[in-house]
Amino acid sequence: MVDGSASLDRVRARQGWRYRAAVAGRVVLAAFGGYALAALATAFLSLTLPMVRSEAVATATLLSFAILAGAVIWVFAARTLLRAAIGLGIPMALVGVGLWVALGLVAAGPPA
Amino acid sequence: MRPGFRQSMAWLHTWAGLVTGWVMFAVFVTGTATYYRADISLWMRPELRAGPSDPIPAAERGIAYLKTHAPKAMAWYVSVPQPDRPVIGVYWMDSLEAPLGQALLDRETGTPTRARDTQGGDFFYRFHYELQMMPTLGRWIVGGAAMILLVALISGIVTHRRIFADFFTFRRDKSAQRGWLDAHNVTGVLALPFHLMITYTGIVTLGLMYMPWGVTAAYKGDDLRFFVESAQSTTWRPAAGRPAEALPLAPLLARAQGEVSEPLEMVIVNNPRDAGATVVAVFEEPHGLAHQHPQIAFDAVSGAVVERVGTMKPAAHVFTSFMGLHEAQFASPVLRALFFLCGLMGAATIATGLVLWSVARMPKAGEAPRFGLRLVRGLNIGTILGLPIGMAAFFLANRLLPVDLAHRATWEGGVFFGAWALAALVPLARPHRRAWVEMGLSAGLLFGAVPIVGALTTDRGFDFLAFDAAMLGLGLVLALGARAVSLYEGRRAAARAARPAGGLAPKGLVKA
């Protein structure tokens with residue numbers, strides 16, 4: 001499948017420890033980062049979607065696995081591991097802050 | 001991972017598919033078998049005859065058994081006989097932590113059934129979502145593998161720019177790799193809506209276990225409350241702490257049946273023998289997708305209706321419809337057969353994908369295969385043929401183990417795993433191509449033996465024609481399919497030389 005010597009070198013470079021570490025990094029980021037984002041989003045949407053809470057929980061849980069799949073795709077599509085981490089970290093921080101505010105509102109106000 | 005989105009996705013599809021392939025093959029095969037769970041159970045309990053029975057007296061017999069055998073339980077469950085499940089199933093819960101106790105009773109007498117001790121079709125059903133491991137561990141492994149498969153499906157779609165053209169392309173004579181790629185594409189694309197649907201709905205079926213954080217946030221983790229508010233179950237009424245005599249069951253069930261047109265499916269008694277006992281009549285799902293059982297709860301002592309499970313709101317309806325779609329309880333025989341074929345095609349997509357990985361990395365002439373390739377080849381044959389061999393051995397064990405053997409059901413499971421392990425280990429000691437032929441032939445012979453052994457050891461005559469035909473069909477597909485793999489796994493010249501003998505073989509696998 002590999003013809004030119006240049007591409008053969010590239011294949012060899014890919015097998016190096018640096019490449020393997022990058023792959024391992026993405027696997028860890030996709031699994032734990034992706035799940036963390038999906039979990040935060042599920043909790044956030046369950047509290048904030050404008051419907052009765054059983055409906056919000058059902059909707060959020062249904063969506064969560066699409067969010068997780070999207071996050072994993074993103075981690076492996078991004079050009080570098082750093083970009084992948086930033087692209088996952090920003091929505092995680094936003095949803096995390098949103099959840100923190102929503103939890104505060106639920107604790108302060110009457111039960112939804 | 002690679003320059004360009006499509007290249008990254010091709011890489012992701014290859015590796016996500018490889019790491020999840022073996023587990024998901026087993027999940028697809030056992031899940032597909034589960035579409036015919038009732039039929040498998042009937043075959044495995046040849047002492048029983050299918051047929052209708054009166055549900056309310058059967059429920060009373062079940063409760064009478066539980067009164068004497070599980071007097072201290074906090075909840076009793078009685079599933080009434082169905083035409084294709086002619087036994088009374090009784091289950092009891094001693095505490096929230098303890099596993100459910102269970103027994104199968106004769107529908108006429110209410111005493112433990114005389115049918116042989118077997119898990120029947122439930123064996124594959126439980127394997128399908130917990131791999132016959134510790135439930136929590138097995139479910140997380142299956143869920144993780146299913147999630148990776150979902151990613152592999154999405155990245156696979158991105159990889160296929162020419163998805164529509166590929167649909168009509170099957171170049172089995174061009175080259176080994178092409179042929180496998182096309183077989184993978186045809187089985188994958190033809191049933192793609194099914195593959196996506198079944199993977200996503202499967203994850204959703206155990207979704208609240210995998211993703212409990214919505215319930216954690218909105219209900220402080222009280223999932224019973226969630227099930228009540230989303231109209232999936234009745235409220236748990238706490239025990240009063242003092243005993244009381246319950247009303248006779250039959251009149252309550254008759255009153256409940258008067259309100260509901262669906263047949264009775266299950267009777268639940270919460271806090272039996274307590275003054276706060278509740279009787280819940282659960283009915284079968286009305287025709288439709290959703291997993292929505294009508295339920296009426298009575299105070300067991302006064303007989304007053306305490307709750308009727310209402311209609312579901314849209315999101316809960318969608319959620320339970322996903323579960324209903326996955327289990328296909330709603331499906332007519334034709335649609336069920338279509339689901340079955342789609343499930344087989346899913347298994348074939350995974351199997352061809354796994355073989356494709358090893359064909360694409362075939363060593364050049366004279367080179368020894370590397371460890372990674374040898375490992376994948378071993379796991380491929382050990383899963384793709386090992387699991388069916390285990391299943392055929394399981395069916396044979398059902399007929400050949402002595403009927404009164406102690407722990408008989410456990411022995412059947414032991415035969416399943418023993419045969420599977422043997423079928424996975426033997427090929428490691430054999431040349432790779434020969435191993436495919438030998439194991440394929442073994443699988444074919446074992447499946448072919450099932451109807452014969454079945455006919456010789458029971459007096460049921462032609463009662464199981466459909467089951468027997470399925471066994472013969474599977475045996476044929478496995479023997480021919482394995483032959484196809486051995487032809488294509490060999491060098492192309494060798495494959496060409498061997499073609500006249502096995503020219504029809506590849507089609508067998510594609511049809512599967």
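1. In the predicted model, T278(B) has D299(B) as its bridge partner in strand β6(B). This bridge belongs to the pairing of strand β5 (residues 278-283) of chain B with β6(B), which is antiparallel and runs over 5 bridges.

2. Within β7(B), E307(B) is the bridge partner of A297(B). The two strands β6(B) and β7(B) make a hairpin, with 5 residues between them. In the turn, G303(B) has a positive phi of about 85 degrees.

3. Which strands lie at the edges of the sheet? The sheet is open and has 7 strands, in the order β3-β2-β1-β4-β5-β6-β7 (chain B), with antiparallel pairing. Its edge strands are β3 (101-106) and β7 of chain B, each of which pairs on one side only. From one strand to the next, the twist averages 15 degrees.

4. Two helices of chain B pack on this sheet. Helix α3(B) touches β1 (75-79), β2 (87-93), β3 and β4 (264-270) of chain B, and the direction of α3(B) makes about 40 degrees with that of β2(B). Helix α12(B) touches β4, β5 and β6 of chain B; the direction of α12(B) makes about 40 degrees with that of β5(B).

5. The axes of helix α3 (residues 55-69) of chain B and helix α12 (residues 249-259) of chain B come within 10 Å and cross at roughly 140 degrees. Because of this angle, α3(B) is classed as oblique to α12(B). The crossing of the two is right-handed. From α3(B), the contact is made by I56(B), A59(B), E60(B) and I63(B); from α12(B), by L249(B), A250(B), L253(B) and A254(B). By class, the contact of α3(B) with α12(B) has 7 nonpolar, no polar and 1 charged residues.

6. Helix α3(A) and helix α4 (residues 81-108) of chain A pack at an angle of about 150 degrees, with their axes 8 Å apart. That angle is why α3(A) counts as roughly antiparallel to α4(A). The residues in contact are A71(A), W74(A) and V75(A) of α3(A), together with A84(A), G87(A) and L88(A) of α4(A). The contact of α3(A) with α4(A) divides into 5 nonpolar, 1 polar and no charged residues.

7. How many residues does each chain give to the contact between the chains? Chain A provides 24 residues and chain B provides 30 residues. On the side of chain A that touches chain B, the elements giving two or more residues are α2 (17-48) and α3 of chain A. The largest share of that side, 18 residues, comes from α3(A). By class, the side of chain A that touches chain B has 16 nonpolar, 6 polar and 2 charged residues.

8. Confidence in the complex and in its chains should be read alongside the points above. For the complex, the predictor gives an ipTM of 0.86 and a pTM of 0.88. Chain A has an average pLDDT of 87, with 83% of the residues scoring at least 70. Chain B has a mean pLDDT of 87, and 92% of its residues reach 70 or more.

9. Where does the confidence fall within the chains? Among the elements of chain A, helix α1 (residues 5-15) of chain A has the lowest mean pLDDT (56), while helix α3 (residues 53-77) of chain A has the highest (96). Over residues 1-5 of chain A, pLDDT stays under 50, and the model has 3 contacts beyond four places in sequence for them. In chain B, pLDDT stays under 50 over residues 495-512, for which the model has 29 contacts beyond four places in sequence.

Terms used: Residues numbered from 1 in each chain as written. Chains lettered and ligands numbered in written order. Predicted model: local features only at pLDDT ≥ 70, side-chain atom pairs only at ≥ 80, totals over all residues. Pairing = 2+ DSSP bridges. Helix = DSSP H or I, 4+ residues; strand = E, 2+ residues; numbered from the N terminus. Axes fitted to C-alpha atoms, helices over the stretch in contact; angles between N-to-C directions. Parallel < 35°, antiparallel > 145°, perpendicular 65-115°, else oblique. Left-handed = near helix turned anticlockwise from the far one by under 90°. Contact = placed C-beta atoms within 7 Å. Nonpolar A, V, L, I, M, F, W, Y, C, P; charged D, E, K, R; others polar. pLDDT = per-residue confidence, 0-100.
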